[in-house]
Amino acid sequence: MISNWENKIARRRFLRGAGGVTIGLPFLLSQEGSARAQVGKPLERLITFYYGNGMPPDISSKGLVGPLAPLAPYANRMAVVRGVDCPIPSSGAGGHPIGSASFGTGFSFLGADENKKSGPSIDWIASQAYGKDLARPVLSTGIYDGAAERDRVRFVHSWRAAGVPNDPVVRTLALFTDIFGGGALIPPGATADPNGALRDRYRRSVLDAVVKDYQSVTSEAAGYPASARRMIASHLDTVRELEKVVIQQSMTNPNGGAVGCTKPGQPEDLNAIPKNTTDQLKSPGDKIPNWEKVWDILLDLYVTAIRCNLVRFGNVVMTAGGERYFFNGGAAGTTNNAHLDLFHQYPGRQELAKAVIQWEMGMLVKFLSRMSDPTFKDVDGGNYLDNTTILVGTELGYPQRHAVTDQTFFLLGGRKRFKTGDIPVGGRTDVDFYNTLLRGIGIPTQIGDMKNFKAADLPILA
């Protein structure tokens, strides 16, 4: 039997305050579950995850070894779907924008405009079926270099409709504000001292705006047991610590914590290492240390939003299609341009290319580990990874040929509605794949260019 306090707090999903501040409560205390009775049906969630430059089939066909070894701990909850084709004609465009545009949508460009998609993405379709109660239907975030902005479809992988993108929020403070509010805490307009405004923002926490609400649920007079009050207090401490981190990042990074603002020819302002200076680089990924720092912060924010039921659908992007960057692979060597020197030349310099892919998989695992953290329980007592459908993919199957055939996707979670293990599908289309996935989560809506649809019956359903 559910107690009065559980009924009371289950109806209260947020702490609200002035300035648009809306602090989501931990899910078990704010939705259909409770801290005492962890029973209930998890709500539907679907997140797509994109990484750039392709996945050579000779790597994915060997299993979760070598470059894919970071994924091995997730083998029993993941399908490796191989051999998916994207039958979109090139129309003069290169493989990177074609494959990037098709990811998550099964559509080509809108007319001749390579910056716009011809239809919605799978996360948007799912949100319209299951997320009508959410203040934000989808939320996208991630890291990429500003050079990718020549083709919008290379880094935008969430679309509401033809030509209507859900742009990724790449600045850490902007993402915090998007999730929790508090935009009004920084005065609008230009200032001679931007860091001064941020220092003032540091002192004015979003929690100040919800102090009355906070006291109403954490005081003994509220009638909630000590365990519930401790959970809420701990959650708010987490929000405050995240807030401090993003403001500090914004003060120390010229782009305000963003990894999507540099332009070709501009200084590399995300770290202090000159582009061609290799003797200062000591480990894989050293050229882009701020990518990793910002990545960790973005993931902490994004997964916290999922745990609070503020986000259930969206996209996470980890480098854009055809991304160019310096990479230090240790004993495997270094490259000034991973895109041209490694993926275009594959299988040349194969060991360094594999080091890049292993780094990419490690960045994916950072997301998966947060989603599977056993400390945070969903309403059924399970974890958020198992209860969320997560689709992982890239733009090319054969990067050396710019071929959008023979692509590899990773499919995780999904509440055991999908098979696990190695699943070759032998030339079936991405449109077939996306529609089978939707059918697996109970959505009959069709997605993608129906000229490329054979049947939604890929062998991925459990």
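A search of the whole structure finds nine aromatic pairs; rings of Phe, Tyr and Trp (its six-membered ring) pair if their centres lie within 6.5 Å, with planes under 30 degrees apart counted as stacked, over 60 as edge-to-face and the rest as tilted. The structure is a predicted model, in which local features need pLDDT of at least 70 and side-chain atom pairs count only at pLDDT 80 or more, while totals for chains, interfaces and linings use all residues. Residues are numbered from 1 along each chain as its sequence is written, and side-chain values use heavy atoms, with hydrogens and water left out.

**Aromatic pairs**

- Y144 and F155 form a stacked pair, with 4.4 Å from centre to centre and 20 degrees between the planes.
- Y144 and F155 both belong to the loop between β7 and β8, eleven residues apart.
- Y144 is buried at 4% relative accessibility, where buried means under 20% relative accessible area, exposed over 50% and partly exposed in between (1.4 Å probe, protein chains only).
- F155 is also buried, with a relative accessible area of 7%.
- The rings of F409 and F433 have centres 4.9 Å apart and planes at 35 degrees, so this pair is tilted.
- F409 lies in strand β14 (residues 407-413) and F433 in helix α14, so the pair ties together parts 24 residues apart in sequence.
- Both F409 and F433 are buried.
- F49, W295 and F367 are linked into a cluster by ring pairs.

**Charges over rings**

- The charged end of R307 sits over the ring of F376, 3.6 Å from its centre; this requires NZ of Lys or CZ of Arg within 6 Å of the ring centre and within 35 degrees of the ring normal.
- R401 lies over the face of Y398, at 4.3 Å from the ring centre.

**Overall fold**

- The protein chain has 14 helices and 15 strands; helices (H or I, at least four residues) and strands (E, at least two) are DSSP runs, numbered from the N terminus.
- Of the 462 residues in the protein chain, 56% are buried.
- Among contacts between residues at least 6 apart in sequence, 71% join residues at least 24 apart, a contact being heavy atoms within 4.5 Å.

**Nonpolar cores**

- The largest nonpolar core has 78 residues, of which I23, L301, M361, F367, L368, F410 and L412 touch the most other members.
- Helix α13 (residues 350-371) supplies the largest share of this core, 13 residues.
- Another core, of 30 residues, lies apart from it and includes L391, F409, F433 and L438.
- A nonpolar core is a set of buried Ala, Val, Leu, Ile, Met, Phe, Trp, Tyr and Cys residues joined through side-chain atoms within 4.5 Å.
- Leaving aside neighbours within four places in sequence, L368 is in contact with L71, Y74, L385, I390 and L412.

**Helix α5**

- Helix α5 spans residues 122-130, and its buried residues are I122, D123, W124, I125, A126 and S127.
- These buried residues pack against β3 (46-51), β8 (159-161), β10 (313-318), β13 (389-393) and α14 (430-440).

**A buried arginine**

- R154 is found in the loop between β7 (139-143) and β8.
- R154 is buried, with a relative accessible area of 7%.
- A polar atom of the R154 side chain lies 2.9 Å from the backbone oxygen of G321.

**Cysteines**

- The count of disulfides is zero, a disulfide being a pair of cysteine sulfur atoms within 2.5 Å.
- C86 is buried, with a relative accessible area of 3%.
- C308 counts as buried at 3% relative accessibility.

Notes: A polar contact is a pair of N or O atoms within 3.5 Å; within protein, one must be able to donate a hydrogen and the other to accept it, and residues adjacent in sequence count only if both atoms are side-chain atoms.
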